[in-house]
Amino acid sequence: MQGLMMDVPLSISSLIRHAALYHGDTEIVTRTVEGPIHRYNWGEAHRRAQQLANALKRLGVQPGDRLATLAWNTHRHLECYYAISGSGAVLHTINPRLFPEQIRYIVNHADDRWIFVDLSFVPVLEKLAADFPRVKGYVVLTDDAHLPQTSLPNVVSYESLIAPEAPEFDWPTFDERTASSLCYTSGTTGNPKGVLYSHRSTVIHSYCVCAPDALGISSRDTILPVVPMFHVNAWGCAYSTAMAGSKLVFPGAKLDGASLHELFETEKVTCTLGVPTVWLGLLAHMAETGKTFSTLRRLVVGGSAAPLSMIVALEEDHGIDVIHAWGMTEMSPIGTTGVLKGKMLALPKGDRYKLKMKQGRVVFGVEVKIVDDTGKRLPHDGVAQGELLVRGPWITSGYFEDEAASRAAFDSEGWFRTGDICTVDADGFVQITDRAKDIIKSGGEWISSIDLENAAVGHPGVAEAAVIGVHHPKWQERPLLIVKAKKGAALTREALMGYLGEKVAKWWLPDDIVFVDELPHTATGKLMKSKLREEFGHHRLPTA
Ligand code: ADP
């Protein structure tokens, strides 16, 4: 027997319609790429999104067409999100930090028809436009007064594109499984792979993000997503804030500690989200200036592991509740979030931090399993380590027009292989030991590069640390620690070894330490281990 409930298709346009109807006066504030602060509200955002939807119709955009953005977190980018997906086309968010060859590949692979581009990234596209025969034109996210001289063909400013249009648009209704947006994983090897979200997956994921045990986004919050809208839809913030009716604050192009802190204070931000590198920058600024936060209460960190020293500094020096989260582009991205359960609140501080160091616990909607090399399931006892596989309604079922990559990504039961090695405990807390390809295999045992990096970053003289496995004649692989020291710190190999000796098991200690001026990062701000392996893979260990 079937239930007798309405089968109303889930749609992205319903999110902004709701926000405009019931949170129309709630503010959206942007530090614009042009400079000044722009201020409006959900009501105005909806009107302008409708103007853009009308403009897209005038341009001849068809359902399913891919329209790309190369843009910072701004109000105009938000309007693109809703107008493009809402009108039945596919929003393709491009990470502007990708290598030019990668951008060339994905624009053509996605078959983008129009590209919306921020002033900062016009030069990137000028060099590539000749290779984009199928792109019909470029919309620069600014007004005519700021439109630069450019060699891009068929260029129009965003403001002049939408200006003649009416602020009413009949959002179409369609199957909720219709594609809504496309985001390519940065893929450190091989070509980037496209993850194609649907209206259904996006709306269900938004419910999850808003839940109090996930990120708890509500109408009382002022949210500042530092995580870019080109990186998995700002971890879903662009949608969940509309669902909840939160105030939104967009940092535009300025992501340094001082600029962020200023916005946190002037806009009374309560919750922010970003990768560890951003928070390291913010904490350095706070330490230099002796400032703290007056309204910020929650900080979500993910994308790579948050070191203990960072969590402790945020919680103890600044009274912030740190939520450590884990996910992937392929997972929309939320998989686990580190909100402690009631029974954990009274635990001794050390034990609570041990839990906060983990990547969070499994949210409803995501199922996880861990398996050994033969695919056999391992227990969720917090000890057994294996590869993590997931399934759920906001997890990809295959890469966009990439059969080979899709075939490799799933097991025989259809679970998605994350490529992460982890433990899962009985409360559902996942602890990522490493990426499968980064873990160091030493004499049949595994050493977690993440744990070693976190330990090293705890040293007051270390700005950033990376660990890779280097060939060893006896042990197969041994860890090499590569360190960027803090400005002015007199850091020696011996002092750092001594410090680590007190933090990790003896057989985990790196066989050597190399000091560098800079560590390489991927387009999403993660350590680029592949580059480090290229450079230091043949490093001669003194122990070899
Ligand atoms: P990309 O693939 O573009 O680098 P993703 O955000 O999709 O970007 O990367 C997902 C991977 O990032 C995960 O599989 C995991 O290895 C890593 N990751 C994400 N969050 C965490 C975290 N909190 N701790 C450790 N690793 C993380």
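**Reading the ligand shell and a helix pair**

By class, the shell around the ligand comprises four nonpolar, ten polar and three charged residues (Ala, Val, Leu, Ile, Met, Phe, Trp, Tyr, Cys and Pro count as nonpolar, Asp, Glu, Lys and Arg as charged, and the others, Gly among them, as polar). This is a predicted model, in which local features need pLDDT of at least 70, side-chain atom pairs count only at pLDDT 80 or more, and totals for chains, interfaces and linings use all residues. Residues are numbered from 1 along each chain as its sequence is written, and side-chain values use heavy atoms, with hydrogens and water left out.

Q: How many residues surround the ligand, and which are the closest?
A: A residue is near a molecule if one of its heavy atoms lies within 4 Å of it. Here 17 residues surround the ligand, the closest being S186, T329, D420, R435 and K526.

Q: At what angle do the axes of helix α10 and helix α11 cross?
A: Two packed helices are described by the angle between their axes and the distance between the axes. The axes of α10 (residues 257–266) and α11 (residues 276–289) cross at roughly 80° and come within 8 Å (helices are DSSP runs of H or I, at least four residues, numbered from the N terminus; axes are lines fitted to C-alpha atoms over the stretch in contact, with angles from 0 to 180 degrees between N-to-C directions). Therefore α10 and α11 are roughly perpendicular to each other (65 to 115 degrees).

Notes
Helices (H or I, at least four residues) and strands (E, at least two) are DSSP runs, numbered from the N terminus. Angles under 35 degrees count as roughly parallel, over 145 as roughly antiparallel, 65 to 115 as roughly perpendicular and the rest as oblique.
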